[in-house]
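I kept a notebook open while browsing this one.

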There are 2 protein chains.
Amino acid sequence: MKKLFFFVMAVFAMQSFDLFAQQALWGGPQIVSPEVRDDKTVTFRFQAPNAKEVKISGDWMPAGQDWKPGSEAMTKGEKGIWTYTTAAMPSDLYGYSFTVDGLKTTDPNNVYLIRDVASVTNVFIVKGDKGDLYSVNKVPHGTVSRQWYNSPGNGMERRITVYTPAGYETSKEKYPVLYLLHGMGGDEEAWIALGRTSQILDNLIAQGKAKPMIVVMSNGNVAQEAAPGESSIGYYKPTMQLPNTMDGKFEETFMDVVKFVESNYRVKAEKSGRAIAGLSMGGYHSLHISRYYPNTFDYVGLFSAAIIPNDKVKSKVYENIDETLKAQLKNGYKLYWIGIGKADFLNKNVKEFREKLDGIGMKYTYCETEGGHTWTNWRVYLSEFAPLLFK
Amino acid sequence: MKKLFFFVMAVFAMQSFDLFAQQALWGGPQIVSPEVRDDKTVTFRFQAPNAKEVKISGDWMPAGQDWKPGSEAMTKGEKGIWTYTTAAMPSDLYGYSFTVDGLKTTDPNNVYLIRDVASVTNVFIVKGDKGDLYSVNKVPHGTVSRQWYNSPGNGMERRITVYTPAGYETSKEKYPVLYLLHGMGGDEEAWIALGRTSQILDNLIAQGKAKPMIVVMSNGNVAQEAAPGESSIGYYKPTMQLPNTMDGKFEETFMDVVKFVESNYRVKAEKSGRAIAGLSMGGYHSLHISRYYPNTFDYVGLFSAAIIPNDKVKSKVYENIDETLKAQLKNGYKLYWIGIGKADFLNKNVKEFREKLDGIGMKYTYCETEGGHTWTNWRVYLSEFAPLLFK
């Protein structure tokens, strides 16, 4: 009997190259990169024996002239392995890539990649502070679902990402909902991947800092069914500029999202149970949705918001802006939160918008950080905003 | 009023480099690669003005000596852009990478990447037949959830991927369940990413070829909480060999998965509503789980199964193999399905196992395909197996 069975582990060992060749065609050399040390220094390694110059570009490096990404030279060592070691780094999530004799490439020894519009870069985490908040920890975990909802307003089925907090499935309680909107070039994958939404919420809720809540990440590009590669138009190169992203259509049809959520999830379907926030274009969407439906959201968050005019865009959504803001004020709300970086190119315009709110007498909480129009800041804003909700 | 708002689109245009630099540090040149044409030829492009040699390796190319991945030279053209065009290709999902002067790299113009163990490669689809089955089409879509279940047998919370078919949320019916297991080096992300499970099921169900079913993709490495990057051990380089993958522990604790599913989903919690299938190590797991619990699954699928001995592995799971197989036969089952490639290194051993089943009188359906131990085959086996279930 036993001879019919054989010890396949030995075969795996003997034929491991075959297996690997068949199953995962291209293996890499056994190099550790990045190596993140306890003292928060990080070493990157890249094997390129014949290269003349290898550089590393990291999103923690100051940008050079004309906003060109900053970069540092790597040093060639034994076996053609180029290395670069940072000073101790503040705890955070970082992105980087290599440039080999002028060619940008990813790190073949790091499988952790995140797409941002049409760029894919490696990421790593330096633990200790923000890095811990962005990490998976031994805490109760929520569920992340990718599903499809019907949008009669757009005449299509559309993909949506929903986070439900730990315990949702077995609880009988109703939960409040944060609608969390992405920026230009993003989609329903942006907040969950780049934004670390599920890790941030799992950790804040476990620490007792945020209330258990559902987070709904919809796709703000109403011409799209879904993120690149996830819709029926197949594989293509994503672009920053998409039609119908800031022409009122998303705001007009946003109640399709709310209706779907409120009829498919156990939620507090009332103003005090609804928050809306977004980054850049998503901040613009949040501003306009919350005043176009001026008695719907008790919590509004504008992260590096693109404050937009209605001069060239014709939509009823952008008419009577002041009147609807005043109606929103009169109806009452619990939090109007504005966050932006000092170096953000939209800082001046957000300042003008704050002056407008001051003129109307609309109270808001203002959070100004270092840095610019970056995911580094948007993760911070979510981490600051979420604990203020539904209290 | 309006002057407070300004036309940020203009700013986006004027400052588009700033924005892009801040938001997505590294853009690539505007090159289309791969270009998949209607005649099913595919052109790859890679800009490398200073490179001496650029090659492409594709999983459709015959492997060379010692199973080294096949490759083809690309041709240098204008602006330092190297190109390679295939002959018309059979419809399928394919993977590829470039090698530039000896350095393997991904295609910077293709954001579609899939990780297999520790290798990340670009993918593309040639439509028309299998490629259509693996594509997102305008059909009702199921929901894909990543969630966590408690495994008392392993003393930890573990991550799991669950596909529920379109209509599940609004239906009151009970659904059958396919437990779908990955191979060595895989995890709860393998079938949904490399296996195209949600696309295959969405399409087969929409065509009326498969019954609506839930598909549960658990993590077969019981030493792991979750896939690389998704667990509390953080970011690290994944390896093929993991402890406790084939020592009986997964089989022993598999009822933790079944209990979770049957108490959290609306399922047919009976033998006729349960199927179990897996690839390679997951085929081994399916073989042993189905005979260790010999009256639990009416449908069993072994895809390129690693048929394993119990000589060196001590576990009660691997005792009395013949007796439990005979009990399984006596208890009855509806389908025992075996698929393997002619060139698979496990083909001979699957043949020995089939002879063993013949000796016992256990009926099975046998599907022998071209090719080897590859995802190309495993996607085919899922596409063949799923329509046979729960009829």
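Ground rules first. I am reading a predicted model, where local features need pLDDT of at least 70, side-chain atom pairs count only at pLDDT 80 or more, and totals for chains, interfaces and linings use all residues. Residues are numbered from 1 along each chain as its sequence is written, with chains lettered from A and ligands numbered from 1 in the order in which they are written.

**Entry: α8 of chain B.** Helices (H or I, at least four residues) and strands (E, at least two) are DSSP runs, numbered from the N terminus. I found α8 at residues 281-292, reaching 16 Å from first C-alpha to last, close to the expected 16 Å; that expectation is 1.5 Å times one less than the number of residues. Among its buried residues I noted B:Tyr284, B:His285, B:His288 and B:Arg291. They pack against partners including α7 (254-264) and α9 (321-331) of chain B.

**Entry: α11 of chain B.** I looked at residues 375-385 next, and nine of the eleven are buried. B:Trp375, B:Trp378 and B:Phe385 are among them. The cover includes β7 (92-100) and α5 (197-206) of chain B.

Entry: Beyond four places in sequence, B:Val216 is in contact (C-beta atoms, placed from the backbone, within 7 Å) with residues including B:Ile160, B:Tyr179 and B:Val261.

**Entry: chain A overall.** I counted eleven helices and 18 strands. The radius of gyration, taken over C-alpha atoms, is 24 Å, close to the 21 Å of the globule rule (2.2 Å times the number of residues to the power 0.38), so chain A is as compact as a globular protein of 391 residues. Its C-alpha trace spans about 75 × 65 × 40 Å along the principal axes, and 51% of its residues count as buried.

**Entry: domains of chain A.** An automatic or database assignment sets the bounds: domain 1 is 30-127 and domain 2 is 143-388. Their C-alpha centres lie 32 Å apart. The contact takes seven residues from domain 1 and nine from domain 2.

Key
Two residues are in contact if their C-beta atoms, placed from the backbone, lie within 7 Å. A residue is buried if 20 or more other C-beta atoms lie within 10 Å of its own, exposed if 12 or fewer, and partly exposed in between; C-beta atoms are placed from the backbone.
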